[in-house]
Amino acid sequence: QGKVAEPYSDAIEVDGGYTPYTFGTYKWVQPDKDKEEYEYEPVDPASVLPDGLSLDTATGAITGTPNESVTDLKLWLGVVDDKGQEQVTDRENPVLLTILEPEVLTYVTFSPLPGGQAGVPYMTTVEATGGYTPYVWDLVSGVLPDGLTLDPATGVISGMPVVGRTSTFVARVTDARFTAIAQSLTLVIAGPAPLMIVTAQL
């Protein structure tokens, strides 16, 4: 199984026959509604796979980043070998595929942030989980200590603090489907270390 908005990769595995193989997706049909007889026919993988996934007919790999959730989606998969022998999953035993919705967008960084010191390079990351990546970060209110910036793509706060101060600000994260949450954070920057001569001997 996979998750919406997360890379997915799996493959149809076969054994025997003559390589190279050609893989495909199929459906079972009942030509005569008065008879309990079924036969399979190939269908375009794009018509049966969840949006965002594709089938490599040369390797049997099903890959991509799904954009929709499905639960126990029934798939009939097949392979044709180099001699024309064909094998399709049984009508009563399809391959089941589940793509889960992502977890709720949630902050995993809490106040206070790791402290820093004026004149010393600083870096920390505000983080979230769930939702749909990629995220975009910004400040809703308040300001960062002088000399620090927030990277909107990564959530990294970095730079060289200029003066000692305590800053409280609200950082917001917005996911790829425009769900947003915000968190109040405090960052304490201590004043610079006292000027000292540390040379003991010349």
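Me: Where is Val126 found?

Reply: This is a predicted model, in which local features need pLDDT of at least 70, side-chain atom pairs count only at pLDDT 80 or more, and totals for chains, interfaces and linings use all residues. Residues are numbered from 1 along each chain as its sequence is written, and side-chain values use heavy atoms, with hydrogens and water left out. Strands (E, at least two residues) and helices (H or I, at least four) are DSSP runs numbered from the N terminus. On this basis Val126 is found in the loop between β12 (122–125) and β13 (128–129).

Me: Is Val126 buried or exposed?

Reply: The classes rest on relative accessible area with a 1.4 Å probe and protein chains only: buried is under 20%, exposed is over 50%, and partly exposed lies in between. Val126 has a relative accessible area of 0%, and therefore it is buried.

Me: Which residues does Val126 touch, not counting residues up to four places away in sequence?

Reply: A contact means heavy atoms within 4.5 Å. With residues up to four places away in sequence not counted, Val126 touches Thr109, Leu113, Trp137, Leu150, Thr154, Gly155, Ile157 and Leu185.

Me: Which residues have the most contacts inside the largest nonpolar core?

Reply: A nonpolar core is a set of buried Ala, Val, Leu, Ile, Met, Phe, Trp, Tyr and Cys residues joined through side-chain atoms within 4.5 Å. The largest such core has 19 residues. β15 (148–150), β17 (165–174) and β18 (180–190) each supply at least two residues of this core. Those with the most contacts inside it are Leu113, Trp137, Ile157 and Phe169.

Me: Which residues are in contact with Leu113, leaving aside its neighbours within four places in sequence?

Reply: Leu113 is among the residues with the most contacts inside the largest nonpolar core. Leaving aside neighbours within four places in sequence, its contacts are Tyr122, Thr124, Val126, Ile157, Phe169, Leu185, Thr186 and Leu187.

Me: How many residues does the other core have, the one that lies apart?

Reply: Among the members of this other core are Tyr21, Leu55, Ile62 and Val70.

Me: How many strands are in the protein chain, and why is the chain described as more spread out than a compact globule?

Reply: The protein chain has one helix and 18 strands. The radius of gyration is taken over C-alpha atoms, and the globule rule is 2.2 Å times the number of residues to the power 0.38. For 202 residues the rule gives 17 Å, and the chain is more spread out than a compact globule because its radius of gyration is well over that, at 28 Å.

Me: What does the C-alpha trace of the protein chain span along its principal axes?

Reply: Gly17 and Trp137 are 120 residues apart in sequence and 53 Å apart in space, C-alpha to C-alpha. Along the principal axes, the C-alpha trace of the protein chain spans about 95 × 45 × 20 Å.

Me: What percentage of the residues of the protein chain count as buried?

Reply: Burial is counted over the 202 residues of the protein chain. The share that count as buried is 33%.

Me: Which peptide bonds to Pro112 and Pro134 are present, cis or trans?

Reply: Most peptide bonds are trans. Pro112 has its place in the loop between β10 (106–107) and β11 (116–117), and the bond from Ser111 has omega near 0 degrees. Pro134 is found in the loop between β13 and β14 (136–141), and the bond from Thr133 has omega near 5 degrees. The bond to Pro112 is cis, and the bond to Pro134 is cis.

Me: What is the phi of Ala5, and what is that of Asp72?

Reply: Most residues other than glycine have a negative phi. Ala5 lies in the loop between β1 (2–3) and β2 (8–11) and counts as buried at 17% relative accessibility. Asp72 lies in strand β7 (residues 70–80) and counts as partly exposed at 43%. Phi is positive in both, about 70 degrees for Ala5 and near 50 degrees for Asp72.

Me: Which residues does Pro7 touch, not counting residues up to four places away in sequence?

Reply: Pro7 lies in the loop between β1 and β2 and counts as exposed at 75% relative accessibility. Not counting residues up to four places away in sequence, Pro7 touches Gly64 and Thr65.
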